[in-house]
Amino acid sequence: CSSDLLRASARLDYTFQSSSSDLVAVQNAAYFTIPGSHLVGLHLGVDRDESSLQLGIDNLCNSFVPLTAKAVDSNLVQSVIAARPRTLSLTFSQKF
């Protein structure tokens, strides 16, 4: 028995990461601080009968968000690992 009921869903994700600092002493030339940051994600979906379609957007504002960093050599070069840029995903599923 098939119903034509269409259901919609939405989800907004918000993540805050406070600032953090390196493990070395503040007086050390290799000391640095990673600033606080915000990430926003949006997920929308529709379902009907046995199928669904979902759109996901991670890092909605396309922010540069440093997650970790470290001084990599004696020249005090900083290596930063950042969150992924805005990423879109589209998912279709069908139950059999």
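The mean positions of the 7 positive and 8 negative charges of the protein chain lie 1 Å apart. The model discussed here is predicted.

User: What percentage of the residues in the protein chain is buried?

Analyst: A residue counts as buried under 20% relative accessible area. The accessible surface of the protein chain comes to about 7,200 Å². Carbon and sulfur atoms hold 57% of that surface. Of the 96 residues, the buried ones make up 16%.

User: What share of the contacts with a separation of 6 or more joins residues 24 or more positions apart?

Analyst: Take the contacts in the protein chain with a separation of 6 or more. Then pick out those between residues 24 or more positions apart. Their share is 56%.

User: Is Asn59 buried or exposed?

Analyst: Asn59 lies in the loop between β5 (51–58) and β6 (66–71). Its contacts beyond four places in sequence are Leu39, Val40, Arg84, Pro85 and Arg86. The relative accessible area of Asn59 is 6%. The cut-off for buried is under 20%, so Asn59 is buried.

User: Which residue has the backbone nitrogen that the side chain of Asn59 reaches?

Analyst: Asn59 has a positive phi of about 55 degrees, although it is not a glycine. The side chain of Asn59 comes to 2.9 Å from a backbone nitrogen. That nitrogen belongs to Ser63.

User: What is the relative accessible area of Asn62?

Analyst: Asn62 also sits in the loop between β5 and β6. Its phi is near 55 degrees, a positive value in a residue other than glycine. Asn62 is partly exposed, with a relative accessible area of 39%.

User: How far apart in space are Val40 and Asn62, C-alpha to C-alpha?

Analyst: Val40 is placed in strand β4. Beyond its neighbours within four places, Val40 is in contact with several residues, including Asp58, Asn59 and Leu60. Leu12, Asp13 and Tyr14 are also among them. Val40 and Asn62 are 22 residues apart in sequence, and their C-alpha separation is 9.0 Å.

User: Is Ser37 buried or exposed?

Analyst: Ser37 is found in strand β4 (residues 37–48). Leaving out residues up to four places away, Ser37 touches Thr15, Phe16, Gln17 and Val65. Its relative accessible area is 7%. Buried means under 20%, so Ser37 is buried.

User: What distance separates the C-alpha atoms of Ser37 and Ile81?

Analyst: Ser37 and Ile81 are 44 residues apart along the chain.

Notes: Residues numbered from 1 in each chain as written. Predicted model: local features only at pLDDT ≥ 70, side-chain atom pairs only at ≥ 80, totals over all residues. Heavy atoms only, no water. Buried < 20%, exposed > 50% of the residue type's maximum accessible area, 1.4 Å probe, protein only. Contact = heavy atoms within 4.5 Å. Areas by Shrake-Rupley, 256 points an atom, 1.4 Å probe, with all protein chains shown as cover. Lys, Arg positive; Asp, Glu negative; His and termini not counted. Charge placed at Lys NZ, Arg CZ, Asp CG, Glu CD. Helix = DSSP H or I, 4+ residues; strand = E, 2+ residues; numbered from the N terminus. Polar contact = N/O pair within 3.5 Å; in protein donor to acceptor, adjacent residues only side chain to side chain.
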